[in-house]
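Visitor: Could you walk me through the charged pairs in this one? I'm new to this, so please spell out the terms.

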Amino acid sequence: MADIIDGKAVAADVRESLSDSITTLKDAGVTPGLATVLMSDDPASETYVSMKQRDCEEVGVDGIHVELDADAPAQELYDTVDELNADEEVHGILVQMPVPDHVDTRRVLRAIDPAKDVDGFHPENVGRLVAGNARFKPCTPHGVQKLLEAYDIETEGAEAVVVGRSDIVGKPMANLLIQKAPIGNATTTVCHSRTQDLEGHLSRADIVIAAAGRPAFITGDMLKEGATVVDVGINRVDAENEKGYELVGDVAYESAKEVAGAITPVPGGVGPMTRAMLLYNTVQAASQQTGIEIDLA
Ligand code: NDP
């Protein structure tokens with residue numbers, strides 16, 4: 001029976017550990033500021049942004065929120081980013097993805113000042129991450145690393161399988177796991193929709209990071225006994241409850257926890273960590289931009 005990796009508890013520890021840094025910054029006259037920009041009518045995106053703003057309030061980060069009509073001209077979004085780049089009280093900028101089809105996502109990501117790019121998606125920051133000199137680690141893979149660290153999961157020399165190769169989760173996750181650095185040094189395989197023998201790869205994996213967006217498709221019988229399973233997936237599936245849906249991960253939790261050595265639940269695993277690491281990156285950005293030294297673990 002697997003140990004349950006408690007993302008809520010680890011995220012609370014991360015937030016707690018940020019409070020000293022925030023106090024140091026405030027004592028020096030700087031309040032870390034995070035701007036969120038929403039250009040979407042999607043209820044899920046609205047929820048994500050409001051949670052991020054609530055998180056800011058809870059830890060004493062200034063939350064600045066800009067909302068644009070989903071059908072506003074793309075230029076409005078580019079102009080908004082320019083204004084936030086120039087605003088000294090804004091240390092981090094997050095444009096909630098996805099943006100509407102008429103907006104060029106790549107242009108938006110490139111428009112954000114790399115020093116304020118707390119998501120870590122600007123090409124300069126992607127390059128730095130790959131080169132082993134990250135300015136900001138993207139929030140979700142960074143959060144996964146913190147979970148592995150918190151539960152003393154040995155990555156050095158481990159066989160790690162990342163399922164998914166997106167720019168926001170799979171690729172940066174694999175890049176972090178292969179770095180010659182703490183919570184790295186894993187022999188890492190990246191699987192995707194064209195992978196021939198996913199089950200073969202999974203059966204050899206000491207660490208599985210599931211980020212495919214396919215509800216419960218990794219089952220216990222596919223896993224190696226004692227493997228660490230980190231389930232990034234968040235999938236809405238129909239359910240007979242008030243909401244009419246429930247959230248499930250990419251891993252079939254009940255069968256997987258019988259085989260795994262440690263496993264993250266959904267919800268309550270990676271999700272809270274993603275949010276905590278956004279605050280972490282914002283505090284780090286404020287320190288980098290002002291030259292005020294802080295001690296971030
Ligand atoms: P994407 O849809 O961008 O990428 C999914 C990846 O999974 C693709 O690389 C795809 O392969 C691969 N894939 C799809 N089906 C299979 C399959 N059957 N076997 C192997 N690989 C497969 O998703 P994201 O990376 O953005 O997100 C992944 C999941 O994580 C989603 O459920 C999302 O909601 C969740 N998420 C959770 C976060 C959190 O904080 N917990 C944060 C971000 C995302 P290919 O490239 O070939 O298409």
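**Salt bridges, pair by pair**

Guide: Arginine 135 and glutamate 124 form a salt bridge, with their closest N and O atoms 3.1 Å apart; the term stands for a side-chain nitrogen of Lys or Arg within 4 Å of a carboxyl oxygen of Asp or Glu. This is a predicted model, where local features need pLDDT of at least 70 and side-chain atom pairs count only at pLDDT 80 or more, while totals for chains, interfaces and linings use all residues. Residues are numbered from 1 along each chain as its sequence is written, and side-chain values use heavy atoms, leaving out hydrogens and water.

Visitor: Is arginine 135 buried or exposed?

Guide: Arginine 135 is buried, at a relative accessible area of 16%, whereas glutamate 124 is partly exposed at 37%. Buried means under 20% relative accessible area, exposed over 50%, and partly exposed in between, using a 1.4 Å probe and protein chains only.

Visitor: How many salt bridges does the structure hold?

Guide: The structure holds seven, one of them joining the side chains of arginine 275 and aspartate 55 at 2.8 Å, N to O. Arginine 275 lies in helix H10 (residues 270-290) and aspartate 55 in helix H2 (residues 43-59), so this pair ties together parts that are 220 residues apart in sequence. Helices here are DSSP runs (H or I, at least four residues), numbered from the N terminus.

Visitor: And which residues are linked in a network?

Guide: Salt bridges link Glu254, Lys257 and Glu258 in a network. Lysine 257 is buried, with a relative accessible area of 11%, but glutamate 254 counts as exposed at 53%.

Definitions and conventions. Helix = DSSP H or I, 4+ residues; strand = E, 2+ residues; numbered from the N terminus.
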